[in-house]
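Please read them with the coordinates open.

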Amino acid sequence: MANMTCYHCGDQCGKNKVCFDEKDFCCNGCKTVYEIFTSNGLSKFYDLEARAGSTPNQTPNRYDFLENLEIVKELVEFDEENIQVVGLSIPTIHCSSCIWVLENLNRLHPAIKNSQVDFPKKTIRVTYDTNDFSLKALAMLLSSIGYEPYISLEEFNKKNQKKDRSLIYKLGVAGFAFGNVMLLSFPEYFEVEEFWLDQYKPVFRWLMFAFSLPVVFYAAQDYFLSAIKGLRSKLLNIDVPIALGVLTLFLRSTADIVFDLGSGFFDSLTGLVFFLLLGKFFQQKTYAFLSFERDYKSYFPIAVTRLDAKGKEESIQVYKVKVGDRLLIRNQEIIPVDCILLKGAAEIDYSFVTGESQAILKESGDKLYAGGKQLSGILEVEVLKSVSQSYLTELWGNSIFKKDKVSHFQSLTDSIGKRFTIAVLSIAVVASIFWLFYQPNMVLNVFTAVLIIACPCAIALAAPFTLGNMLRIYGKFGFYLKNTNVIERLAKVNTAIFDKTGTITTSNKDAVSYEGIELTDEETALLKTTLRASNHPLSRSLYNILKSNDIETLDEFQEQTGLGIEGRRNEHSIKAGSAAYVGGDTVASHTNTSVYISADEDYKGRFVFNNKYREGVEGIFNELGRTMDIGILSGDNDGEKKRLQKLLPGKTRLLFDQKPKDKLEYIARLQESNKVLMVGDGLNDAGALAQSDVGIAISENINVFSPACDGILDASNFDKLPAFIKLSQKAIAIIKMSFVLSLCYNLVGLYFAVTGQLEPVIAAILMPLSSISIVVFTTLMTNLLGKKLNSTQHKNDQN
């Protein structure tokens, strides 16, 4: 009887096979895993990959050390109110089915709330309830299904310093092989007739074969894996023709030297893989550069308020926060560091970290974790750990706070990759059919030659180099985007919607006047203390303008988004906000933006703001209005309507008194027939920013963290927004030009391939030349765009 293979792990079952559910298993462990999956609705695991998972290791008492609370405390990222979050390394993650299983752990145990896999890093981040579950139980569960976590405190302490060097190793192997194969190929190129060269020609050819082995089976393995996964998912991604080209080059070249038909195409093979990996390397370096800029530009949040020994407030960049500093955390602010609560009543929303929206109450002396949001009042805290920007960056990308725009947007490379693959295979088949009737012995040569010369290496390099370089250029001008996909989406927008207060207006230069009953010193002190706890631009502006008074500790603070704030102390209360919220005068003659004040429920008066619009607003709207529809969505009243109508193009849509939900719904309606850019400044715009195709947050002395946006723009560069949009469009144009240039190379190469004239020297020249020229072209063109933007800025500064 033929040996049967295990249904779970794929190993030979042997004599001790276990039969269950009409399936064969090599051991009881695999049978147990199968039972776990099928009883919990995870049988799809076996549909995704025939050899998914691995045989579970029997590990009794292996994880007993995780019962030690001190060790668990060091390992978990978050531990509050029976909820823990931990990041674990899973070395055996290797494919899409692994990801699917690990992100469905909640089906295996109800205590697991959420699990997210980072495939490149081979890690999983799990949120779970500790009432009837623990870190030890999680480790045992993962181990039982074949994904044993690698847990090492030493590695945990160094994990932020650890770098994945596999790409560098692969690039080194490919580069070394490419150089040596080229050297060995020169006598073949120039047909040098020399006795010793002729004598050792077979040796040189087999040496080239030997150099190609680590390139194909190690350096190029990611392209094969990606192509296989794409085909299994019925997707023709750009890696399919690349993998096909590499495989064809290797097999054809091997056949050439085995049957002594020629030297093969080992030079083209190693050169192709080397340049592809070089593109990946530069893309990785670009992201590393941007990560560095994110750390030190510190826009997560932009700044924090630090208190000196005398209690004086100063706004500092978040990376300057040190252990032992005292910070002021206002209402709706994200806590940037792990800290101890000193003063104030904390009501912390940790949904940003755990996904659980229930607020947690904390008292003085309690520990607060980075990523929590203060919901009520103002806090004073003492820093326990310096800011971990990498952790906040991870939180910014949390799926809880973002709409998955990338998965709904097909990138240019992916869309072309599918058409390119179909075209190449069609040409190869048609050419082969022609030669089958004309000269049958040429069929194999022509078919393989087409696949070799039409490998889309240049196409694969165009987007990473272009968009990666554009991200770096944007960063130099204070415009930070999440990823390259945002650039592609930004290039397609045809409608731009702006918030008003704090976005097209600046809170730094407001002229404020007071109308109404004069406030007493006690009321003014209570008002300033209440304003101190709020992060709304008008609150911050009014807080900075009011005369200095003693800061008191509030007994109660409330902020209703879009309406106003209320503070209470010693049975006295004060409200600041809209007329409807405080019970003020709502006559239509009040045209300017105003903050209405009531004390102990008695209306007092209002602070009138004469808004100062940002420099260049008129020019921005005029320029954008030439190519797209524009509009204003404001939560304020329409007091500025006439002024805006004079300032902005006539076709600008103006909507006022818009609540956050109204903004989101308006953006959603526009998206039915438009690609929408939303530009806002804070919490009121979070829903609209997340809903839009591209959401850009303007930052100016605001501490509110906005996880909903796709990018952050320094307010001082607001006037460059039209230029940034044009740059994104030009970047896509550069990629398309690169595709045309690559197509020209492919047409030339295909001529030689289809006509049966492809020689190794032609492939050796065309393939590296196309890759090098694309890299040089995209780099020069994007740098030229950056220089033009820089020269424009210098001219504006001089004017």
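Predicted model: local features only at pLDDT ≥ 70, side-chain atom pairs only at ≥ 80, totals over all residues.

1. The seven-stranded sheet. Seven strands form an open sheet in the order β16-β28-β27-β26-β17-β24-β25. The pairing in this sheet is mixed. Which strands stand at the edges? They are β16 (479–481) and β25 (653–655). Each has a single partner strand, so one side of each is left without a neighbour in the sheet. Direction ignored, neighbouring strands are turned by 20° against each other on average.

2. As background, strands of a sheet pair through backbone hydrogen bonds, either parallel or antiparallel.

3. Strand β6 and its partners. Is β6 (residues 123–129) enclosed or open? Six of its seven residues are buried, so the strand is largely enclosed by the rest of the structure. Strand β4 (residues 83–89) pairs with β6 in the antiparallel sense over seven bridges. In that pairing, Ile83 stands opposite Asp129. Strand β5 (residues 112–118) also pairs with β6 in the antiparallel sense, over six bridges. There, Val117 has Ile124 as its bridge partner.

4. Helices α22 and α26. Helix α22 (residues 617–625) packs on helix α26 (residues 721–754) at an angle of about 30°, and the axes are 9 Å apart. That makes α22 roughly parallel to α26. Which residues meet? From α22 come Ile620, Glu623 and Leu624. From α26 come Pro722, Ile725 and Lys726. The contact divides into four nonpolar and two charged residues, with no polar ones.

5. Glu523. This residue lies in helix α19 (residues 521–532). Is Glu523 buried or exposed? Its relative accessibility is 16%, and the cut-off for buried is under 20%, so Glu523 counts as buried. A polar atom of the Glu523 side chain lies 3.0 Å from the backbone nitrogen of Thr520. Leaving aside neighbours within four places in sequence, Glu523 is in contact with Glu518, Ile574, Ala599 and Lys604.

6. Gln558. Gln558 sits in strand β19 (residues 556–560). At 36% relative accessibility, Gln558 counts as partly exposed. Its side chain makes a polar contact of 3.2 Å with the side chain of Glu556. Not counting residues up to four places away in sequence, Gln558 touches Gly564, Ile565 and Glu566. How far is Gln558 from Ala533 in space? The C-alpha atoms are 9.4 Å apart, while the two residues are 25 apart in sequence.

Conventions. Residues numbered from 1 in each chain as written. Heavy atoms only, no water. Axes fitted to C-alpha atoms, helices over the stretch in contact; angles between N-to-C directions. Helix = DSSP H or I, 4+ residues; strand = E, 2+ residues; numbered from the N terminus. Parallel < 35°, antiparallel > 145°, perpendicular 65-115°, else oblique. Contact = heavy atoms within 4.5 Å. Nonpolar A, V, L, I, M, F, W, Y, C, P; charged D, E, K, R; others polar. Buried < 20%, exposed > 50% of the residue type's maximum accessible area, 1.4 Å probe, protein only. Polar contact = N/O pair within 3.5 Å; in protein donor to acceptor, adjacent residues only side chain to side chain. Pairing = 2+ DSSP bridges.
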